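Please keep the sequence and the coordinates at hand.

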Amino acid sequence: MNAVGQDMVRRDGPAKVTGTATYAYEAEVDNAAYCHLILSTIARGQVTDVDVSAALALPGVLTVLTPGNVEKLAPTDDAELAVLQDGEVAYRGQIVGAVVAETSEIARHAAELVHFTYHVDEHDSIFTTDRDDLYRPKAINPGLEPDTSIGNVGEAVRSAHLTVAETYSTPMVHHSPMEPHATTALWQDDSLVLWESTQSVHSVRTDIAGLFSLDAEAVRVICPYVGGGFGAKGSPHGNVVIAVMAARALPGRPIRLALTRQQMFAIVGYRTPTIQETTVAADRDGRFTALAMAAYGQTSRIKEFVEQTAAPTRMMYAAPNRATSHRIAALDVAVPTYMRAPGECPGMFGPEVAVDELADALGIDPIELRVRNEPEVDPETGKPFSSRNLIACLREGAERFGWADRVAGARDGDWLIGTGVAASVFPAFTLRTTANIRFDHNRYTVELGAADLGTGAWTVLTQIAADALGVPVEQVDVRIGDSAYPFASVAGGSSGTATWGSAILTAADTFRDKYGDDPADGDEAENTFIGTGFEGGPYATYAFGAQFAEVRVHADTGEIRVPRLLGVFAAGRIINPRTARSQFVGGMTMGLSMALHEHSVLDPRFGHVINHDLAEYHIASCSDATDVAAHWIEEDDPHVNRLGAKGIGEIGIVGTAAAIVNAAHHATGIRVRHLPLTLDKLLAGLP
Amino acid sequence: MRAFDYQVPADALAAMRAVAGNDSAVFLAGGTNLVDHLKLGLTHPDLVVDITGVTSDEVVERDGGLWIGAAVRNSDLAADPRVCERYPMLSEALLSGASGQLRNMATAGGNPLQRTRCGYFQDNTTPCNKRRPGSGCAAVGGHARYQGILGTSEHCVATHPSDMAVALSALDAVVHVLGPDGERTIPFTELHRLPGDEPSRDTVLHHGDLITAIELPDTPIARRSRYRKVRDRASYAFALVSVAAAVDVTDGVVRDVRIALGGVAHKPWRAYLAEEALRGQAAIEDNFREAAAAELVDARAVDGMDGGNAFKIPLVTRTVVSVLRGLTQENQ
């Protein structure tokens, strides 16, 4: 029996629930010292003086790192990593210093005693579309064209039967993984060991070795477990550079550095707010004649990251006339980064609400309207889809959800009831990864520098390896989370399982070619899987899905509840239904959270996020996510990769917010186009 | 977080004296707010006096009402059958606050003394007159969603975060205090202050004053009462607006009524004007709405991002109407 497809329990489960799994901050070292970061309290200017005398006078303080006294890093074009190299402050909350002490409490106390003098420049942290300094970036994440155009959208709109042209927006949001960014760093005998909470041990190694002018072999990054990342741990941030500086300042002394929850809102990235000017034009039958999005986002003045908000508009539906564009404001704000489903997550909000608005105006069922606009091939590239089962997801979801019973004006006591639907999508691609297989004492050891963010990589890679080697899972030890293992790609872009699994298949081929089915102790083989890269191959490769929401709105108070959320996905071969369901349900729950709650309130007068803790920055509580169900359809995709697997880590968050907003409209008749959907946006329109 | 001394006094008198005699001493009960403040650097006591063992942790009958020891845990108080039966609004208020873990720690004496969750108060790097008198109020023109609409001043627009306190205000509870000058009582409605030009003071208590008990008078009207909390998520969020209410309707006329509001002011807001407007009136929705309007006559929204908190004014009316409609429908 194949292991792939089985409902295998998490291999790391017992260690985690019994508390024996060691996370980065808990690395077993002797005589650790503790580092606490100091963040700027101005949004733009220069540090002109630092008085460390009071901090150094505090018993237990070992050293204070400031812009004037740290080692020079190798030149880098990543200003986020060039910490303390000069006194320039480019955003409020930027790292301006750090204290190392015998205990974390002393370090935190001493951090309050370091006195900074600033020259303050006027800052500008206001994101709007009427700025005159918006610019067109050279490329958008992950290297796509910023603008595209086919046909003539303006013309099509003029001759359309109906057009929805509205502006939608999504707010700034933060990843806030449960485990904060954390490092234990040890510099000893000219080599560095980093226990780091990261989605990619190899990229941390490469970046750190480069910054400190070290051979890659002199740096080892270890990360067996991660308490969530969502993109915030996809590439290193300034905190790990500080930890290394501190470790090198105190050779032989392990340094522990964990961010506070408040610091998590300052220096480890976020999803930019987006503004989406969305146009959908249609003929009398609901066939789209034009589709367009002008997307706006922000980035930091010192480092560009451009959310690909309009990317899904390029491929989701058929239309002869289409256009997308991205314009960016570079502000005195922290550096944004990828966050679960960059591009697709915010970028499917506007269009999927606009399609609902159009369906409403045309009097066509929103599922039927989507079906009528299903493209034959990828509309912009002309590539055939490797598989595309959006319609199957919509149909099966409708069946499971009871869509046919949908009625307008439903009410249960004080609660107004509505239902809504939206589509989900996420690209499927693979990256470069190497795996090594060794046989010893009748067991196979499979090594690669992959990461398990809590997603189940430990488990599913074991299943894949067992099948590839033709042995039961009990005979396989997969080892990941260490840069001592062969190079593996980032746990990101929903590419991990497909990439790492393909690398294991490739290495297993090599192993079996060399040694057959009866290897000897010590036999070992390694091979590299190249992957498609972000550009993909001859096919357009995407996972699709459909999400259905029931929303209840209290007729008096406008309170919003989502008693039911159902998703159906077509994501290729599902390796492990248990871990897959968790990924889908987790994504949908985060989508619900985005719909109703998440909003980093950046006060432009100061330049930082005011609600910077998890009491004030709301994520969905258990009471908000009472019935979230995920299903998938069998999908056999021979083109996407050898495993036939598409990514599942991100698609669950795509479309959820639109489905909920559409359901709220169905319940109340009120169309909310700006997230989050909060009661104050409904009050005025309620009976 | 700074090092401090920790003391476990023998009794309430010793605890009071330990704090009263040291300007930099604080009481520690459940610690659900104080510990946060220590971490955030909002307070730097030299001495922390643990009072969890010095006052009663029992709820006892007294004069037809209940006498609640200051050390009674919120979760125990919420589950007390006498509270559930005779003062359901109090049990509901307690259960709507915080999380199970926090309620297991938080105490009856400590809960009313928790401080505002205004983001600027909790952020040492921004101006706040409550935290640093004279530095200004950053909430005006900023993140105003959770700020007050009643009794605010130009110096402070913060709200009091406690749910329990809203119910205690409606119930005319009495606070028993042990201070340097001996024991005294304070009507619960007079415990908290409006910010005025001295927002750093949340209550009328003086340094060293120790709450030893909270007394609930016999209040038959409270047997049918509600606490309704409207918030931004279904659990674990502070109130946008909350309403504690009890109403006695006979022959369609409101004989007596109690209403207190949360999430709207620097203190739990006893809605005397609304009560006054309703007494003797027909128990109909229009009158409920007019009563709420009477209470809100001086309400003022705080300007800020995303429209400030203007929505709270209609939300108060809608919630009051909703609660009174529910209570009076049950009455019939």
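Between them, chain A and chain B bury about 3,300 Å², of which 51% lies on carbon and sulfur atoms; buried area here is the accessible area (1.4 Å probe) that two parts lose on being put together, summed over both. This is a predicted model, in which local features need pLDDT of at least 70 and side-chain atom pairs count only at pLDDT 80 or more, while totals for chains, interfaces and linings use all residues. Residues are numbered from 1 along each chain as its sequence is written, chains are lettered from A and ligands numbered from 1 in the order in which they are written, and side-chain values use heavy atoms, with hydrogens and water left out.

To the contact (heavy atoms within 4.5 Å), chain A contributes 42 residues and chain B contributes 41 residues. The interface holds 23 residue pairs in polar contact, both residues being at pLDDT 80 or more. A polar contact is a pair of N or O atoms within 3.5 Å; within protein, one must be able to donate a hydrogen and the other to accept it, and residues adjacent in sequence count only if both atoms are side-chain atoms. On the side of chain A that touches chain B, the elements giving two or more residues are α3 (104–113) and β24 (602–603) of chain A. Helices (H or I, at least four residues) and strands (E, at least two) are DSSP runs, numbered from the N terminus. The most comes from α3(A), with 5 residues.

The rule also finds 5 salt bridges across the interface of chain A and chain B, a salt bridge being a side-chain nitrogen of Lys or Arg within 4 Å of a carboxyl oxygen of Asp or Glu. B:R2 forms a salt bridge with A:E112, with the closest N and O atoms 2.8 Å apart.

Over all chains, a search of the whole structure finds 60 salt bridges. A:D7 pairs with A:R578 in a salt bridge whose closest N and O atoms are 3.2 Å apart. This pair links distant parts of the chain, 571 residues apart: A:D7 is in the segment before α1 (13–17) of chain A, and A:R578 is in helix α14 (residues 577–596) of chain A. A:D7 is partly exposed at 45% relative accessibility, and A:R578 is partly exposed at 35%; buried means under 20% relative accessible area, exposed over 50%, and partly exposed in between (1.4 Å probe, protein chains only).

Another salt bridge joins A:R564 and A:E550, the closest N and O atoms being 3.0 Å apart. Because A:R564 lies in strand β23 (residues 560–570) of chain A and A:E550 in strand β22 (residues 542–554) of chain A, the pair ties together parts that are 14 residues apart in sequence. A:R564 is partly exposed at 26% relative accessibility, whereas A:E550 is buried at 11%.

A:R370 belongs to helix α10 (residues 366–372) of chain A. Its side chain makes a polar contact of 2.7 Å with the side chain of A:E352. Not counting residues up to four places away in sequence, A:R370 touches several residues, including A:Y317, A:L394 and A:N662.

In chain B, a network of salt bridges links B:D172, B:D256, B:R258, B:R270, B:E275, B:E276 and B:R279.
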